[in-house]
Structure formats: C-alpha cells, structure tokens
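Take a moment with the sequence and the model before reading on. The paragraphs below walk through the fold step by step.

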Amino acid sequence: MVIMVLLNYSKYIQERFSFRTYSLLTFSLWLIISYSGELGMNLILPPLLFLSLFNFRLIDDLTDIRNDRINFPKRLLAKLESLTSFVVLSVLIHALITLALYIVQTPSIALVFTIYSGMLAFGCAILRSRTKLETLPTLLSLSKYSFLIILFSHNSKREALVVMALFIIYEWFHDKRKNSKVMIGLGFSLLMLSVGLYIAPLF
C-alpha cells in the first residue's frame with residue numbers, strides 16, 4: 001500500500017512537475033523578491049517557494065480533476081479512483097510551509113498563506129463547476145506567482161503585476177481550449193493589469 005502510494009507520487013512528479021522548469025521559476029521569483037531588498041538572499045526562501053509552487057500545482061490538478069478525466073484521461077490523477085493520498089500529501093506540505101513561515105517569518109504571513117491556499121483550492125473547485133466562469137479559475141490559478149512575490153516583498157507590487165501579465169500572455173497564446181470567452185476574459189484582465197501598473201505605487 002505505502003509502496004504504491006510512493007510510486008504514484010513519483011509518477012505524478014514526473015508527469016506534472018518538471019524539476020527543471022519549476023527550479024527556474026523558483027530562482028526567478030527568488031531574484032525578484034531579493035531585488036526588493038526586504039529579505040536579501042534568505043536561504044530558507046527558495047525551498048519554501050519550491051514547495052509552494054509544487055503544492056499549488058497539485059491543488060490546481062486536484063480541483064480540475066473533473067475536466068481532466070474528460071479531456072486528459074491518460075493523466076495519473078485522472079486514472080485514479082481515489083485521490084485521498086494526494087489530498088493528504090497536499091495538506092502535509094501546506095502544514096510544513098505554514099509552520100516554517102510561522103517560525104522564520106511572522107504568524108501573520110503564515111495566516112495569509114493559509115487563507116490564500118484555501119481560496120485557491122475552494123475557489124478553483126467552485127468556479128470550475130460553473131462552465132460560464134472559465135476565465136476566473138484560470139486567473140486565480142495564475143495568481144499564485146504574483147501572490148508569492150507580494151507575500152514575501154511588499155515593495156514589489158509592480159513586479160508582481162508584471163509577472164501576472166506575463167503569465168496571462170503565455171496562457172493566452174498556449175491555451176489549448178481556444179475558448180473565445182476565456183480569451184476575451186484574459187485580454188480584459190491584461191488591460192486591467194496594465195492600468196494597475198500605474199496605480200500600484202500609490203498603495
């Protein structure tokens with residue numbers, strides 16, 4: 001039983017979590033946060049970012065399982081009858097990150113991280129059950145990168161908005177669904193972010 005669970009974890013990581021890609025993402029976020037000068041080159045930050053990105057990826061897949069079983073039936077999670085072991089994994093990783101934030105940073109940062117993780121999980125699950133709101137779960141999922149920047153660096157609002165804009169542009173060009181409503185929603189969001197770049201310094 002335990003061996004099978006561990007094998008599934010390994011297969012999932014190989015399938016959905018490219019170590020090279022997410023290491024590059026982690027390093028990029030680390031540089032952006034460090035550039036603000038608030039945390040400097042804190043060595044505890046990269047592991048926290050990496051674990052956060054992995055857990056957010058897992059949460060995203062778990063909340064989109066209904067669509068994946070229809071559109072991507074060959075994916076590991078889509079083929080499993082029970083997702084309990086992966087839900088437990090996500091909860092354990094979240095607890096580890098929250099504890100680290102509580103000890104290394106502040107209780108308030110740990111609380112904000114917990115609130116956002118819950119919003120990401122329940123928000124995506126609820127929104128994805130409503131086909132008319134396809135853009136919203138996409139934006140919520142993309143917000144995780146900007147959220148991590150703002151969480152660790154309050155002086156990086158503009159950088160966070162730029163990162164969000166870049167991921168929206170990437171999604172706009174690479175969205176396999178090519179749903180016109182999603183495209184329009186992402187385009188409108190990009191426009192709003194452009195406006196936000198000018199007003200961000202005011203807050």
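What follows moves from the overall fold to one helix, then to its rings and charges.

This is a predicted model. Start with the overall build. The secondary structure of the protein comes to ten helices and zero strands. Read from the N terminus, the elements run α-α-α-α-α-α-α-α-α-α. The protein has 203 residues, and buried residues make up 45% of them. Its accessible surface comes to about 11,900 Å². Carbon and sulfur atoms account for 71% of that surface.

Now consider how the chain meets itself. Take the contacts between residues at least 6 apart in sequence. Of these, 64% join residues at least 24 apart.

Helix 7 spans residues 107-127 and has 21 residues. From its first C-alpha to its last, helix 7 reaches 29 Å. That is close to the 30 Å expected at 1.5 Å a residue. Which residues of helix 7 are buried? They are Ile-109, Ala-110, Phe-113, Tyr-116, Ser-117, Leu-120, Gly-123, Cys-124 and Leu-127. What covers the buried residues of helix 7? The cover includes helix 3 (45-63), helix 6 (84-104) and helix 8.

Next come the aromatic rings. A pair of rings is described by the distance of the centres and the angle of the planes. The count comes to twelve aromatic pairs. In one of them, the rings of Phe-27 and Trp-30 have their centres 6.2 Å apart. Their planes stand at 70°, so the pair is edge-to-face; the cut-off for that class is over 60 degrees. Both residues lie in helix 2 (residues 19-35). Phe-27 and Trp-30 are three residues apart, about one turn of the helix. Trp-30 is buried, with a relative accessible area of 14%. The limit for buried is under 20%.

A second pair brings us back to helix 7. The rings of Phe-113 and Phe-147 have their centres 6.5 Å apart. Their planes are at 35°, so this pair is tilted. Phe-113 and Phe-147 link distant parts of the chain. Phe-113 sits in helix 7, while Phe-147 sits in helix 8 (residues 135-152). The two residues are 34 apart in the chain. Phe-113 is buried, with a relative accessible area of 1%. Phe-147 is buried too, at 13%. Recall that helix 8 is part of the cover over the buried residues of helix 7.

Rings also gather in a group. Ring pairs link Tyr-9, Tyr-12, Phe-17, Phe-19, Tyr-22, Phe-50, Phe-54 and Phe-86 into a cluster. Elsewhere, a ring meets a charged residue. Arg-75 lies over the face of Phe-72, at 3.9 Å from the ring centre.

Charged pairs are the last stop. How many salt bridges are there? The count comes to four salt bridges. Asp-61 forms one with Arg-16, and their closest N and O atoms are 2.8 Å apart. This pair links distant parts of the chain. Asp-61 lies in helix 3 and Arg-16 lies in helix 1 (residues 2-16), 45 residues apart. Asp-61 is buried, with a relative accessible area of 3%. Arg-16 counts as buried at 19% relative accessibility, given that the limit is under 20%.

Arg-57 forms a salt bridge with Asp-60, the closest N and O atoms being 2.7 Å apart. Arg-57 and Asp-60 are three residues apart in helix 3, so about one helical turn separates them. Arg-57 counts as buried at 16% relative accessibility. Asp-60 is buried, with a relative accessible area of 11%.

Asp-61 forms a salt bridge with Arg-57, with the closest N and O atoms 3.0 Å apart. Asp-61 and Arg-57 are four residues apart in helix 3, so they too are separated by about one helical turn. Both Asp-61 and Arg-57 are buried.

Notes: Residues numbered from 1 in each chain as written. Predicted model: local features only at pLDDT ≥ 70, side-chain atom pairs only at ≥ 80, totals over all residues. Heavy atoms only, no water. Phe/Tyr/Trp six-rings, centres within 6.5 Å; stacked < 30°, edge-to-face > 60°. Buried < 20%, exposed > 50% of the residue type's maximum accessible area, 1.4 Å probe, protein only. Lys NZ or Arg CZ within 6 Å of the ring centre and 35° of its normal. Contact = heavy atoms within 4.5 Å. Areas by Shrake-Rupley, 256 points an atom, 1.4 Å probe, with all protein chains shown as cover. Expected span 1.5 Å × (residues − 1). Salt bridge = Lys/Arg side-chain N within 4 Å of Asp/Glu carboxyl O.
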